[in-house]
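Biologist: I have just opened this one and would like a walk through it. Could you take my questions as they come?

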Amino acid sequence: MTQVLFYLMPPVALTAKAKADSPVATANANPALCEMHLLACQLAQQAFVKQQWVYIHCQDKQQAHAIDELLWQFEPSAFVPHNLKGEGPMTGSPVEIGFDRLGANKSRQVLINLADQAPPFAVNFGHIIDFVANDDQHKAVARERYRQYRGLGVNLQTQDLATHPLN
């Protein structure tokens, strides 16, 4: 059964990696979303280390390109082989970034959803990571995604990063 884990983002405190000059910050002026995008990239890096193949689903082309650029900025020792959907090697990279309604080009274990809706292909993944940004507007959108996932019959969990941060 597909597992969905919603990360409840803590109050915004921009980290050094999510500075105002980062691609995510320039593509999106909302600091809560900048933090969420940085966490998504860090989770993709952790999955890569565990040899899991990841698909990062974005809202649109602009967000996909911003996530792509953010992954390029990781430290060389934490490099994450990735590509935008339709680019890269024929066999694919461990992390693929896209924004269309079709999803990943090949089978992957982990879906990281950054879009406003639960993607229609979500049940094709064993593990889904989603986020609740710490502002009222994005909380309402996340609640709707939660309902959409529940309608798909998946197992839902939440983790409050303010009280239970990642290791």
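Biologist: Which residue in S4 is the bridge partner of histidine 82?
Modeller: The bridge partner of histidine 82 in S4 is valine 95. Strand S3, residues 82–84, pairs with S4 in the parallel sense over three bridges, where two strands count as paired if DSSP finds at least two bridges between them. The names are DSSP runs numbered from the N terminus, with helices being H or I runs of at least four residues and strands being E runs of at least two. Please keep in mind that this is a predicted model, in which local features need pLDDT of at least 70 and side-chain atom pairs count only at pLDDT 80 or more, while totals for chains, interfaces and linings use all residues. Residues are numbered from 1 along each chain as its sequence is written, and side-chain values use heavy atoms, with hydrogens and water left out.

Biologist: And what does S2 do with S4?
Modeller: S2 and S4 pair in the parallel sense over four bridges, and isoleucine 56 has isoleucine 97 as its bridge partner in S4.

Biologist: Are the faces of S4 covered or open?
Modeller: Both faces of S4 are covered, with Val95 and Ile97 buried on one side and Glu96 and Gly98 buried on the other. Buried means under 20% relative accessible area, exposed means over 50%, and partly exposed is in between, using a 1.4 Å probe and protein chains only.

Biologist: Which residues touch the most other members of the largest nonpolar core?
Modeller: They are Ile56, Leu71, Ile112 and Phe131, out of 33 residues in that core. Here a nonpolar core is a set of buried Ala, Val, Leu, Ile, Met, Phe, Trp, Tyr and Cys residues joined through side-chain atoms within 4.5 Å. The elements that each supply at least two residues of this core include strand S1 (3–8), helix H3 (61–72) and strand S6 (127–132), and the largest share, 10 residues, comes from H2.

Biologist: What does leucine 71 touch?
Modeller: Not counting residues up to four places away in sequence, leucine 71 touches Cys41, Ile56, Val80, His82, Val95 and Ile97, where contact means heavy atoms within 4.5 Å.

Biologist: Switching to H4, which of its residues are buried?
Modeller: The buried residues of H4 (residues 136–151) are His138, Ala142, Arg145 and Tyr149. They lie on the same side of H4 because they cover an arc of only 55° around the axis, the arc being that of the directions from the helix axis to the C-beta atoms. These buried residues pack against S1, H2, S5, S6 and strand S7 (155–160), whereas the face turned away from them carries the exposed residues Asp136, Gln137 and Gly151.

Biologist: What about asparagine 155, what is it in contact with?
Modeller: Asparagine 155 is found in strand S7, and, leaving aside neighbours within four places in sequence, asparagine 155 is in contact with Met1, Thr2, Gln3 and Val4. Asparagine 155 is partly exposed, with a relative accessible area of 29%.

Biologist: Last one, where does glutamine 51 lie?
Modeller: Glutamine 51 lies in the loop between H2 and S2 and is exposed, with a relative accessible area of 67%. Its phi is near 60°, a positive value in a residue other than glycine. Most residues other than glycine have a negative phi.

Notes. Expected span 1.5 Å × (residues − 1).
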